[in-house]
Amino acid sequence: MDRNTLLTRTAHFFFGVTLLLYLTGVRYLAAFPWPRDALAQFYVLSAYAGYLGLLGMGVWTTLVLPLVLIRVSPRVVWTFSIVLGAILIGGIQVDSLVFFDDRFHLSVLALRVLGLPTFLFATISVVIGGALCFFWMQVVSGPRASWVRGGTALALGAALLATLASSQLIHAWADVRYHVPVTSFTPYLPWYRPLTSKHLMGRWLGVVDLSRERAASAMEDLGEVQEGVLDYPKEALHCSPGSDPLNVLIIGLDAMRADYVVERVTPNITRFAQGALRFESHWSGGNGTRPGLFSLFYGIPATYWTAFYAAQQAPVLIETFQSHGYQVGVFPSNPADRLVGLERTAFRTVGDLPRTAGDAAATEGWLDWLEKRDPSRPFFGFVFYESAPGACPPEYERVSEVSVDTPGDDGRRACYETALHFADGQLGRVLEHLESKGLADRTLIMVTSDHGEEFNENGLGFRGHGSSYSRYQLHTPMLIRWPGHTPDRVTRRTSHNDVAPTLLSEVLHCSNPPSDYSSGKSMLSNDEWDWIVAASYTSHAVVEPERVTVSYGSYFEVRGADYEVLEAPLTNPEPLAAALRETGRFMRR
């Protein structure tokens, strides 16, 4: 096969791969709420066709075309093309399925979290993609492929380029005009970064609304890694815990929503709540384990994660309790929790982190540690149960009328409730042990979660966690049984940012203002938040009571109280500017 023929036929091969990408990726279109205006509809279709076409033909242009030009063996070229096509098809197949179900795209962390089943499905998808590519290669390279002509390839290439260019020009215009029906499609395609032009239009043409541009710039800068060194805490803490301070035990249930403090699912927690301070409007600072627990222990936005991880800076909360003689015991139920980096940040000063595996093992580890500790010294404990977002094995007691094997959201919810019920039973063992040892009356016990869990309640396709900043993924329980405090229901808004100020100021009696080390306030004060910064692994948001402004770095979107996309522009930039200041306040430049 001569070079020109090989060039033409490999180009047609990747046009066929691109067509398969269109078919396998159609779930991206199905997941997107279809816009009403014609321009946005045209943009969605052209962006979809142009971007997936860029993926398919970009591989041919950058990786295959050079091999043909330097006259590599046709057999090697075709083998390499089949492998590349299989990876593309398999990757889009798996990513579109994951996105359709959970509203996040594949990454190394996502694959590790989703586990072996997803990896096996990805492998199978690549194998099937390889089979399809091999068949298509036989068609375009066989003796009957006289229909494969260079003119056809040029025409198809020109059509793809025109489609891609038109979609980028439309997005550039929409970015300047803050036309949400167009710009809101960006997160629906994997690794998609369309053209923006606010800077060019504002500087040279003067067509950008400067007030909206300042607000947009604040959102774009929100997730940027701050330059400089940590300035944390702002001042050294001065504390006077007294001669007989309370013990502290924080019990976390992974992914537990605030509305699951109900007798049917969590009977032990429900009984515990009756004798506790119950903060009914409590929000996490993240929709995933890392950002949620970061905000819990540090009391500042998880946008600082990179800087704190690089410096391996422990939280003031744990360091201060340790400096006042507290023994610290940390028992997560899954050693894989180390993947999120907390052993180098939140728990860096805690020696000998256990390698417990499973909720029951975490309970046993905690009970054993409590027995062996020095009883003359107070303790600070953290037990974290991680059953809820995972599997629900047959030995777990069923609490839902719906079978866990039911397809769709009903089955997922039934499994979630079953796992929560199991974790609740383990929590009951911990509480009972404290009572039996006479420690309950000397221990502040806090029950909370790192984030919530969603089951497409809003009908927008968001499921699980880490996929949205809706109340289903951020509204968590906060129950505190505090010796000396009367049980009560607190309705003002609180957040994980308030935990460190509460424990440091009220238990250790630290005299510093919370602003020296936190973004929050004591939960016993009358303050409530007007906004908080929440984070996932890939984005950040400013959450207000009636709206959420989500930043993806180079673009943002505004959503309402029910998480519907708002087409109105940013009307009040002050919370965004304040959030930007807060995400840089603990850095010294």
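Colleague: Buried means under 20% relative accessible area, exposed means over 50%, and partly exposed is in between (1.4 Å probe, protein chains only). Is Cys392 buried or exposed?

Modeller: Cys392 counts as buried, because its relative accessibility is 13%. Before we go on: this is a predicted model, where local features need pLDDT of at least 70 and side-chain atom pairs count only at pLDDT 80 or more, while totals for chains, interfaces and linings use all residues. Residues are numbered from 1 along each chain as its sequence is written, and side-chain values use heavy atoms, with hydrogens and water left out.

Colleague: Okay. Which cysteine does Cys392 form a disulfide with?

Modeller: With Cys415; their sulfur atoms are 2.2 Å apart. A disulfide here is a pair of cysteine sulfur atoms within 2.5 Å. Cys415 is buried as well, with a relative accessible area of 13%.

Colleague: Is that disulfide left-handed or right-handed?

Modeller: Left-handed, because the torsion about the S-S bond of Cys392 and Cys415 is about -125°. The pair links distant parts of the chain, 23 residues apart: Cys392 is in the loop between strand 5 (379–385) and helix 16 (409–436), and Cys415 is in helix 16. Helices (H or I, at least four residues) and strands (E, at least two) are DSSP runs, numbered from the N terminus.

Colleague: How many disulfides are there?

Modeller: The count is 2. Cys239 and Cys510 form a disulfide too, with sulfur atoms 2.0 Å apart. The torsion about the S-S bond of Cys239 and Cys510 is about 95°, so that disulfide is right-handed.

Colleague: Where do Cys239 and Cys510 lie?

Modeller: Cys239 is in the loop between strand 1 (229–230) and strand 2 (247–253), and Cys510 is in the loop between helix 18 (499–506) and strand 11 (532–535), so the pair ties together parts 271 residues apart in sequence. Both Cys239 and Cys510 are buried. Count the bonded cysteines along the chain and the disulfide pattern reads 1-4, 2-3.

Colleague: New topic, strands. How many residues of strand 12 are buried?

Modeller: 5 of the 5, so strand 12 (residues 540–544) is largely enclosed by the rest of the structure. His540, Val542 and Glu544 point one way from strand 12, while Ala541 and Val543 point the other way. In a regular strand the side chains alternate between the two faces of the sheet.

Colleague: What does strand 12 pair with?

Modeller: Two strands pair if DSSP finds at least two bridges between them. Strand 11 is joined to strand 12 by 4 bridges, running antiparallel, and they form a hairpin with 4 residues between them. Strand 12 also runs antiparallel to strand 13 (residues 547–551), with 5 bridges, and that hairpin has 2 residues between its strands.

Colleague: Which residues are bridge partners there?

Modeller: Ala535 has His540 in strand 12 as its bridge partner, and Ala541 stands opposite Val550 in strand 13.

Colleague: Now helix 19. Which residues are buried there?

Modeller: In helix 19 (residues 574–582), Pro575, Leu576, Ala578, Ala579 and Glu582 are buried. Down the axis of helix 19, the buried residues fall within an arc of 160° (taken from the directions from the helix axis to the C-beta atoms), so they line one face of the helix.

Colleague: Last one: is Ile87 buried or partly exposed?

Modeller: Partly exposed, because its relative accessible area is 48%. Ile87 is found in helix 4 (residues 74–102).
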